[in-house]
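Please read it with the model open.

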Amino acid sequence: MKKPRYAKRMSAIDEEVLELVVGEPAHGGACVARDGGGRVVFVRHALPGERVRARVTSARSRLAWADAVEVLEASADRQESVWPQAGPGGVGGGELAHVVPAAQRAWKQTVIEGQLRRVGGPALFDAIAALGGVRVRPAPGDEEGSLLHRRARIEAVVDRQGRPGMHRYRADEIVPLDSMPLAAEAIEELGFWGEATSWSDLLRPGDRVRMVAPGGQSPLVVTPRASFNALGEEVEIARLQWTVDVMGSEYVYGVRPTGFWQTHVRGASVLANAVMRAARPCDGERVIELYAGAGLFSVPIAEAVGARGRLVTLEGDEGAVADAGENLAAYGWVDAYVGEVDASGVFELSGELEGSADLVVLDPPRSGAGREVCASLARLGAERIVLVSCDPAAGARDLRELMDAGYEVRSFEAWDLFPHTHHVETVAGLVRAR
């Protein structure tokens, strides 16, 4: 039996500092460099082309991970970090806070292209290149500026002293936060961060707390025991209301305070419009949607296929399916099912469609749909498939599986809905090859 391989965490005693010239971005928020012995080092908090001193934080075999702690030769794309507590040795979730916004999008473009080439293969890379290649776009309103206050949902954890914060990157330690500049202004104005705030009496060590601010509404603070309004008063709210503009129509969604919803203040609208452009649902069509959540895509698809059409959705989270049921209540030709999204689930769902599928839409988790689900979709023989991906490697892998099963990529969009992080969303439209 083989022993599992773990990266060794560096202690203060064996701390290693390297001088490195930094190369291109890698998937995950670091750049690639090589030390004097040829070892590959993944360097966070650096930029391509920079010369830095980097402190090694972990190592394994011929690989190491490091934080840039001193910049000897800076890139023109470097800026003062907009969130210093996410810098070297700090919390996760802001690893590109030192990069100007346009360069963040260029960074993500490089990463997507690399994953398409290495994971997806030459055929996939060439197919997307023939469509115009990869271009990471900003959400409306994000074309310039600092891109702060874009997150409508923030998660925090309370340390032993009762202070809210976040985990140090790849560590169990909680770092109390002084501020959270990426949060929507309504959340930042709660005065939640720091010591001895007005929220201290409502929190307990170990609490996981969510702050959420639907557009135009007062923020809500959700603790394991109760929910509170901006004044710290306990309230009971079954569902928060999110208003989304999709293809010129306005839809209102109800989602549990603890339920999943896009983090960026305009993220839901950006993705729903991108999916509709790629899917092109028509009156009377039969549609399958997987990983459907609370119904963000389901509602405009239901509207498009109309009463002569049919839509069946599958989602593993019972609470999300309950939300979807409420959001889809007006559409009698739609059924939302709860269950595991696997080969069996896809087969059973197709039986509820009462005919062959014209269109399949799927928005899998960060790990992707996987070979089994992609193969099951190919057997359905739908004319069109739309794949939403929040991980470039998993997205490239799923696209390769679908291409190998007889589909061609006809559209590809990439969106920066997570400014100051390495995360990026893609939406690909595929058609069955003739």
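Is Arg210 buried or exposed? The first point takes this up, after a word on the source. This is a predicted model, in which local features need pLDDT of at least 70 and side-chain atom pairs count only at pLDDT 80 or more, while totals for chains, interfaces and linings use all residues. Residues are numbered from 1 along each chain as its sequence is written, and side-chain values use heavy atoms, with hydrogens and water left out.

1. Arg210 counts as buried, at 13% relative accessibility (buried means under 20% relative accessible area, exposed over 50%, and partly exposed in between, with a 1.4 Å probe and protein chains only). Its side chain meets that of Glu155 in a salt bridge, at 2.7 Å from N to O (a salt bridge is a side-chain nitrogen of Lys or Arg within 4 Å of a carboxyl oxygen of Asp or Glu). This pair links distant parts of the chain, since Arg210 is in strand β12 (residues 208–212) and Glu155 in strand β9, 55 residues apart (helices, H or I and at least four residues, and strands, E and at least two, are DSSP runs numbered from the N terminus). Glu155 is partly exposed, with a relative accessible area of 40%.

2. Salt bridges that share partners also join Arg239, Arg256, Asp317 and Asp323 into one network, and the structure holds 26 salt bridges.

3. A salt bridge joins Arg266 and Asp142, whose closest N and O atoms are 3.9 Å apart. Arg266 lies in the loop between β17 (249–255) and α4 (267–279), and Asp142 in the loop between β8 (136–138) and β9 (153–158), so the pair ties together parts that are 124 residues apart in sequence. Asp142 is buried, with a relative accessible area of 1%, whereas Arg266 is partly exposed at 35%.

4. Arg39 and Asp35 form a salt bridge in which the closest N and O atoms are 2.8 Å apart. Arg39 counts as buried at 12% relative accessibility, and Asp35 is buried with a relative accessible area of 15%.

5. For "active site", an unreviewed UniProt entry lists Cys390; UniProt positions are given in the numbering used here, feature names are shortened, and annotations may be inferred rather than shown by experiment. Cys390 is placed in the loop between β22 (384–389) and α9 (392–404), and counts as buried at 15% relative accessibility. Leaving aside neighbours within four places in sequence, Cys390 is in contact with Pro364, Pro365, Arg366, Val424 and Glu425 (contact means heavy atoms within 4.5 Å).
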